[in-house]
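Thanks for coming. I will take one structure today and go through a sheet, a helix pair and an interface.

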Amino acid sequence: MTEKTDIVVTLDDVTFSWAAADIPLFEKVNLNFPNGSTACLIGPNGSGKTTMMELILGWRRAVSGSIRLEGRTISSIPSRERGRMMALVPQEERLPFSYSVLEYVLLGRAPYLPPLAAPGKPDRELALEALDRVGIVHLSHRAVPRLSGGEKRMVLITRALVQEPRILLLDEPANHLDPANRERVMDILDNLKSSGITLIISSHEPDMVTRLADWVILLHAGRKPVMGSSNAMIVPEKLSELYGVKVKIIEAEGRRIILWGK
Amino acid sequence: MIPIIENRSRRVLRNAGLAAALIAVFTLSLLWGRYPHVGFTSLSVLSTDALARALVWNIRLPRALIAVMLGASLAAAGTILQTVLGNPLVEPGLLGVSQGAAFGAALAILLAGGVYWSIPVSASVFGLSGLALSWFLARKIRYGGSILRLVLAGVVVSAFFSSGLGVLKYLADPRSELPDITFWLMGGLTSADWPSVGRTAPPVILTLALTFLVRWRINLLALDDRSAFALGSNPGRERLALVVLSVIAVAAVTATAGIISWVGLLVPHVARKLEGADTARSLPLSMILGAMFVLVCDDIARGLLTGEIPLGLLTALGGALLFALLMTREERPLKG
């Protein structure tokens, strides 16, 4: 057996570049994401956090190397089955039409429905239940384009939950949110974490990392990603090297707080 | 809790009402005309007058059938193209199809003047090649996302065919061929007969039935490609399939009716206003409304004056007015 069953996502010698002639963004990267763990990708702008997510999603193809989900090469998994395994919460999404929140969230059932079917009553109940869990059931009949940024993010998270994935990718889930909404997202993620889903989160906010992550992956532009436990990675030397600014970490009320700059 | 059931039964009622309205408009269209005198032909006239019966059977019925197919196809294609290209201003005329078909029809009028089947065949071939050229060109464009590329390519191909059409008009005999070309470009159902119903119905019924069956899944393509992919779809392949289906339906009706504008732009907007964006509901509604709109416009086209008014002029006039009305009205809050 080449694959340990407790590893759900494996990157094996993955190399990726935007064009054949370019210097690779990732070169021979090896990473393993344990089942049920929470991993955070951190790094400065342009270090490839979103690209790394898109590679794991299968949306971008690696130039060489292989990416495996539960031991199977990603490109060999049929689309609908892949949609049942893994969901993505993007930062934002183009939406030219006035879908209601419920209609929008129901799109998350697509991987479970045959091509000619529409969501039925059980799907609707599941969607309403998920909306309730995220605390936005009162928005069910509002038009998505008219929601605030924070509400839209909650809707995207709910749609991913309705997909009932075993692996959930979240791209900067707390970006541009006010403190109250950020706390709500943190609570939701905390609940998901305890429910046993594998979470892969990209984040600019080391605060989210220190509270949630079991594993941290540091992405330096043009260098090999480094993966380690949260305690080993969230230390002043590593962070200041990663972002190129001075970093100090203090503890207050049982939480580690990162101070940037002088 | 949200009263889903109540909304559902209300929706079923409304759809049944709309279908009944379409049947009523269709039946009245068969009775409406200028023989034996202007107005609705009474049933007693039909039972005594053999000419009136022949008129209804051989002229009004095939014409109404083509009008229904024309309206449903243009509206369905509009809904699908707007959704899968993520642009509410797209209509079937985009992507080079209409201009290609117009060029093809003009070419047939010039080269094969009298042969009746040459116009629909040539219009279909050039309409579909307009799409193929747009698609091919879009793959070569190195700018923007996949949807922008396709729209840009459609603009280029349309311009190419419309300049070709200009050349053909310049070459055409101004006494015989040019009026034929101009009349065809304005669109109309004067040539509708049973053979044209036979030609149009199979591709239209097939493509509309297929799009009807996948009507919910079309929603996925309104999202970013990456999000659609994450939801377990194959956005590139599914979008291509839906675009091709819509264009086949449009080419089939355009071959008989000429260029009918505004239906594909206006009707999907009305349907979305009434039923929301979900294509599971807005696509069937769009088909019914499109059929009714074109039926009524054609009734006016053939019955209002002693001469025939080009149908394309009426749909453009009515469509533009309704569109302006719709866009300036206050939007109602969304309901389930």
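**The sheet in chain A**

A:Leu168 stands opposite A:Leu199 in β8(A). This is a predicted model, in which local features need pLDDT of at least 70 and side-chain atom pairs count only at pLDDT 80 or more, while totals for chains, interfaces and linings use all residues. Residues are numbered from 1 along each chain as its sequence is written, and chains are lettered from A and ligands numbered from 1 in the order in which they are written. Strands here are DSSP runs of E with at least two residues, helices are runs of H or I with at least four, and both are numbered from the N terminus.

Two strands count as paired if DSSP finds at least two bridges between them. Both belong to an open sheet of 6 strands in chain A, in the order β6-β7-β8-β3-β9-β10, with mixed pairing.

Axes are lines fitted to C-alpha atoms, for helices over the stretch in contact, and angles run from 0 to 180 degrees between N-to-C directions.

**A helix pair in chain B**

Next, α3 (residues 50-84) and α8 (residues 194-213) of chain B pack at about 30 degrees, with axes 10 Å apart. α3(B) and α8(B) are therefore roughly parallel, the word used for angles under 35 degrees. The contact includes B:Leu65 and B:Ile66 of α3(B), and B:Val197 and B:Val204 of α8(B). By class there are 12 nonpolar, 4 polar and no charged residues. Ala, Val, Leu, Ile, Met, Phe, Trp, Tyr, Cys and Pro count as nonpolar, Asp, Glu, Lys and Arg as charged, and the others, Gly among them, as polar.

**Between the chains**

At the interface, 32 residues of chain A are in contact with 30 residues of chain B. The largest share of the chain A side, 5 residues, comes from α2(A). That side divides into 17 nonpolar, 7 polar and 8 charged residues. The model scores ipTM 0.93 and pTM 0.89.

Terms used
Two residues are in contact if their C-beta atoms, placed from the backbone, lie within 7 Å. Angles under 35 degrees count as roughly parallel, over 145 as roughly antiparallel, 65 to 115 as roughly perpendicular and the rest as oblique.
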